Amino acid sequence: MLKVSPMLNLTSLSKVILLQETHCQTDDKLVLPEFILGASTTLNNHHGMATFVKRDMQWSLKARSSPESMLEWLAVKVQDTTIINVYIPPPVHLTDTSLPSFSFPCLYAADFNCHHTDWGYSRCTQDGECLNNWASANDLTLLYNPKEPDSFHSPRWNTGSNPDLAFASTSLGHQFPTRRVLDRFPRSQHRPSLISISRSINYKQSSEALELTQG
């Protein structure tokens, strides 16, 4: 089972939790109180992913990567928003068709492992250029604020970087999502991110927030 104590603050904040590199081979270890395991990839003990959805949320599994794919992704529709959880391990290189495309509104949150100056790196790699071009071609906007902390810290080099990113689409009746990088997570070099989506309900002035945690 996942260690719950460090997750308690995150679970209280979030309606959806996206995890990459779970290192689990079976689903019975992927458990969070008050959440349903919407989807997971557990065949690869070196990587693995999980998407958790709060029990009171309306959701459905839309699609997922093939078991043979090194590039892992899970797409879950929560209410009217498709949320895509992605993990790209460093040996994998992107092409124009590597990542799935979904109709609006959708949000991608991932450990992309791609370098680009648009998200804080000193240079652009071929994978970073490919990711940036893919986002532009699919009308997706990067949720990145250079004033926020880096999403990854290397103890060995005492440096920070941003492999963990989010891209979002928007449509009529939706305000654009916001992303906040949270404090360091115990026993992890990654910082979790909190992404908030404010949505109009039935075109009235009242609104509600769909909040996701990526970690």
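**View 1. Salt bridges in the predicted model.** In this predicted model, a search of the whole structure finds 2 salt bridges. One of them joins the side chains of Lys15 and Asp56, with a distance of 3.8 Å from N to O. This pair brings together distant parts of the chain, since Lys15 sits in the loop between helix H1 (8-13) and S1, whereas Asp56 sits in the loop between S3 and S4, 41 residues apart. Lys15 is partly exposed, with a relative accessible area of 26%, while Asp56 is exposed, with a relative accessible area of 58%.

**View 2. The salt bridge between Glu34 and Lys54.** Glu34 and Lys54 form a salt bridge in which the closest N and O atoms are 3.5 Å apart. Here too the pair links distant parts of the chain, with Glu34 in the loop between S1 and strand S2 (35-41) and Lys54 in strand S3, 20 residues apart.

**View 3. An open sheet of 6 strands.** The strands of this open sheet follow the order S4-S5-S6-S7-S11-S8, and their pairing is mixed. Strand S4 (59-64) and strand S8 (141-142) are the edge strands, each of which pairs on one side only. S4 and S5 run antiparallel and are joined by 5 bridges, and Arg64 stands opposite Leu74 in S5.

**View 4. Gln58 in the loop between S3 and S4.** Gln58 lies in the loop that connects S3 and S4, where this residue is exposed, with a relative accessible area of 63%. Leaving out residues up to four places away in sequence, Gln58 touches Lys77, Val78 and Gln79. The C-alpha atoms of Gln58 and Asp80 are separated by 9.0 Å, although the two residues are 22 residues apart along the chain.

**View 5. The largest nonpolar core.** In soluble globular proteins, nonpolar side chains tend to be buried together. The largest nonpolar core of this model has 24 residues, of which Val86, Leu99, Tyr108, Phe112, Leu131 and Phe167 touch the most other members. At least two residues of this core come from each of strand S5 (72-78), strand S6 (81-87), strand S7 (106-111), helix H2 (126-137) and strand S11 (164-168), and the largest share, 4 residues, comes from H2. When neighbours within four places in sequence are left aside, Leu131 is in contact with Leu94, Leu99, Phe112, Cys114, Trp119, Leu165 and Phe167. Apart from this core lies another, of 18 residues, including Leu18, Val76, Ile83 and Leu143.

**View 6. Asp127, a buried acidic residue.** Asp127 has its place in helix H2 and is buried yet has no salt bridge, the nearest side chain of opposite charge being that of Arg123, 9.8 Å away. Not counting residues up to four places away in sequence, Asp127 touches Val92, His93, Leu94 and Cys114.

**View 7. The whole protein, for orientation.** The secondary structure of the protein comes to 2 helices and 14 strands. Of its 215 residues, 47% count as buried. Among contacts between residues at least 6 apart in sequence, 53% join residues at least 24 apart.

Definitions and conventions: Residues are numbered from 1 along each chain as its sequence is written. This is a predicted model: local features need pLDDT of at least 70, side-chain atom pairs count only at pLDDT 80 or more; totals for chains, interfaces and linings use all residues. Side-chain values use heavy atoms; hydrogens and water are left out. A nonpolar core is a set of buried Ala, Val, Leu, Ile, Met, Phe, Trp, Tyr and Cys residues joined through side-chain atoms within 4.5 Å. Buried means under 20% relative accessible area, exposed over 50%, partly exposed in between (1.4 Å probe, protein chains only). Contact means heavy atoms within 4.5 Å. Lys and Arg count as positive and Asp and Glu as negative; His and the chain ends are not counted. A salt bridge is a side-chain nitrogen of Lys or Arg within 4 Å of a carboxyl oxygen of Asp or Glu. Two strands pair if DSSP finds at least two bridges between them.
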